[in-house]
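Thanks for coming. I have one structure to go through today, so please look at it while I talk.

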Amino acid sequence: MKKLLFVPAMLATLGASAQNDTLLFSDFNTDPSVYMQIGISPPGNSNDQSWYSYDVDQLPDGSPSGRPGEWFWTQAYAPSDTLTAQGVMGSNSWTNDGVNRVENYLVTAAVQIVDNQATLHWKSAPYQTPRYLDGYKVLVSTTINDVSSFSDTLFVAGEYASLDNGNLPNSYGSYTFDPAATVNPMAPFIHGMDGTYTEFDPTSDSSRLLGVLRPLTVSLAQYAGQTIYICFLHNDIDDNLISVDDVLVLGTAPNGIAENNNVFEFDVYPNPASDMITVKYDLPSASDVVFSIYDVTGKLVRSENLGQQASGMQSQKVSISELAAGVYQARLQTSAGTVNTRIVKN
Ligand SMILES: [Ca+2]
Ligand SMILES: [Ca+2]
Ligand SMILES: [Ca+2]
């Protein structure tokens, strides 16, 4: 009887893992400029392996802080939840312009969606809510990555529009929120309205709570069989800041788990390995290089900044002796793109 129970459990585990490969992941805990073009307009490529952060509105920061016009890497502002936020992408809407919206695009690398099991996960937090709550959208392009190609709306977070009456921190009913910036049939998500993922801010007035990074998920089933780009569009009229963290796409990897479909040579050997591995790669151009290892749930378990490397064939030894036995995805992030390969720890 025990054996009969054991076998189906094994099968269920194997089945689940095939749909939980990490197709895309960034926790922004290390400098994203290794794989992200910051301040550069996405060029309209298909199958582009770079991320892009681009400031369409070009409105200057209205605060004295001199913050960047596009999504920027930061440890400040966003998350009062310091346990989970070692680095996020933040974006500023404080422009003192009551008419024009900021229009800041954070565009992911291309991701190939094999079947209808794929899901997008991320976290977001406003710097302040309900007053000065920033809104944003999650968009998808199924073609190329220029900003005008993001025709699908997956998710909308509403923004602060006005204070109607009263001045109480938890009284969301005292505020109005613009749900979508444009006409959209989707019910808006309002950060903090359900009373969760906020913290009292003792340094601020009573109309402002701090946002805490909140996990969010949407299905990508409609994109089965397509290669897509995902975009976080910060499209808010003059308020404050929003942060995004832990952008993750889970699904079935093309041609089985985490196949090496890379833009340049990337090998790890021996594989399987128990102690030391050699990471070998052929850089098309000089680049900063970050080597990371993720488990099958997409959790980062190891990250090593290998620093600036010359072009050509390079190799580095990395210890994996502390990892538990199992299947992992090894990832190399470079200015030429992000490459992945599957490794097994004995
Ligand atoms: Ca901007
Ligand atoms: Ca982070
Ligand atoms: Ca606003």
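I will start with a definition: buried means under 20% relative accessible area, exposed means over 50%, and partly exposed is in between, with a 1.4 Å probe and protein chains only. This is a predicted model, in which local features need pLDDT of at least 70 and side-chain atom pairs count only at pLDDT 80 or more, while totals for chains, interfaces and linings use all residues. Residues are numbered from 1 along each chain as its sequence is written, chains are lettered from A and ligands numbered from 1 in the order in which they are written, and side-chain values use heavy atoms, with hydrogens and water left out.

Now the aromatic residues. Tyr35 and Trp51 are both buried. Their ring centres are 5.9 Å apart and their planes are at 70 degrees, so this pair is edge-to-face. The rule takes rings of Phe, Tyr and Trp (its six-membered ring) with centres within 6.5 Å; planes under 30 degrees apart are stacked, over 60 edge-to-face, and the rest tilted. Tyr35 is in the loop between β1 (21–26) and β2, and Trp51 is in strand β3, 16 residues apart. Strands here are DSSP runs (E, at least two residues), numbered from the N terminus. The structure holds 12 aromatic pairs.

Last, charged side chains. A salt bridge is a side-chain nitrogen of Lys or Arg within 4 Å of a carboxyl oxygen of Asp or Glu, and the count comes to 7 salt bridges. In one of them, Asp178 and Arg101 meet at 2.9 Å, N to O. Asp178 lies in strand β13 (residues 175–178) and Arg101 in the loop between β5 (88–92) and β6, so the pair ties together parts 77 residues apart in sequence. Arg101, Glu159 and Asp178 are linked in a network of salt bridges.

Another salt bridge joins Asp61 and Arg67, with the closest N and O atoms 3.6 Å apart. Asp61 is buried at 17% relative accessible area, and Arg67 is buried at 10%.

Key
Helices (H or I, at least four residues) and strands (E, at least two) are DSSP runs, numbered from the N terminus.
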